[in-house]
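Welcome, and thanks for opening the viewer.

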Amino acid sequence: MNELSKNTFSSRSSLLLMEIILSILFFSLAGTVCLQMFVKAKLLEQDTAELDMAVRYVSSAAEFLNQPERTAESVAILYPAASVEGNTAFVWFKKDFSSCSQKEACYRLEIRVLQEDTHTAVWSAVLYTESPAEEIYRLEGTVYQPYTPQDRH
Amino acid sequence: MKAKNNSRKHSIPVINTGSVSLLMIFIVLCISMFAALSVSGALTEYRYSQKIAQHNQDYYTASDTAVKRLKDIDQLLHDIYLQDPEHYYDAVEKQLAMTASAETDFSSEEPSLSYEVPLGDAQALKVVLTLNPPGQMETGYYRITSWQEIPSSTWNGDDSLNLMTF
């Protein structure tokens, strides 16, 4: 009788052990899938934050450039740390979108103003990631200075 | 003493077979639910941001087209004024009616013209220009009195229900 109960106890223990092993296996499998989902959610959140900031900064530059008298040099009014080369102004940002030098930069805002004729200028504002250089957001437009009767063709 | 031993043998074990599986299923269900919720939340936010970015881009594309059309109209006004300043309004009305690039209203004291540029599927950018009268053209031939987004499709107010009739 005693031997029988011992056998029952041992078979129960091995069954429990088997169940625990299978549960751990199942948990690790499910955990891996869930972890991947959490990572994907985190990456999506980062992309969303990046796109939001890109839209904000590029739109701000676009509104600034939508005035007839604005040139690439006048970008310094908006960003004193901007570097101007010809008709293009560069502004660099850190990961938290605070203005910084080119060395520490994670993002680059490129603002270009081209004078088409005496009354028309074409501008573009593009935000890139610094390395690798990938475009995040771009806006383009035209600014027009109206004629007056004093103007002659 | 014997009775005590028997009671020990028949005591209920702390972990029963199956309870581990049940606990595991509960934990996995909870974790997978949280994971699914966080992914769906992040995805919704990302799509919303993309929508805003796209709308912004559409607005600037429409604005660019509107500025180009404004340039054509301004050049037309400039040419007409230089040719015949005496009959400026009449000539402008005639020319704009021929080109059909804008709707005109010359019935009021200050004539105006307006045009629309499509902005996405359901909106348009409406531009209204009021023509400056001759003698008051120091800043140009017109002033922009409206530059706004408007819905391009009209609202259909038909909310009737198909009720059973006897």
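Begin by selecting Cys34(A), which is buried at 4% relative accessibility (buried is under 20% relative accessible area, exposed over 50%, partly exposed in between, with a 1.4 Å probe and protein chains only). You are looking at a predicted model, where local features need pLDDT of at least 70, side-chain atom pairs count only at pLDDT 80 or more, and totals for chains, interfaces and linings use all residues. Residues are numbered from 1 along each chain as its sequence is written, chains are lettered from A and ligands numbered from 1 in the order in which they are written, and side-chain values use heavy atoms, leaving out hydrogens and water.

How many disulfides are there over all chains? The search finds zero, taking a disulfide as a pair of cysteine sulfur atoms within 2.5 Å. For Cys34(A), the nearest cysteine sulfur belongs to Cys30(B), 11 Å away. Next, pick Cys106(A), which is partly exposed at 29%; its closest cysteine sulfur, in Cys100(A), is 7.3 Å off, too far for a bond.

Now for the rings, which pair if the centres of Phe, Tyr or Trp (its six-membered ring) lie within 6.5 Å; planes under 30 degrees apart are stacked, over 60 edge-to-face and the rest tilted. There are 13 aromatic pairs over all chains. Select Tyr88(B) and Tyr89(B): this pair is tilted, at 5.5 Å between centres and 35° between planes. Tyr88(B) is buried at 1%, while Tyr89(B) is partly exposed at 21%.

Finish in chain A with one aromatic cluster: Tyr57(A), Tyr79(A), Phe93(A), Phe97(A) and Tyr107(A).
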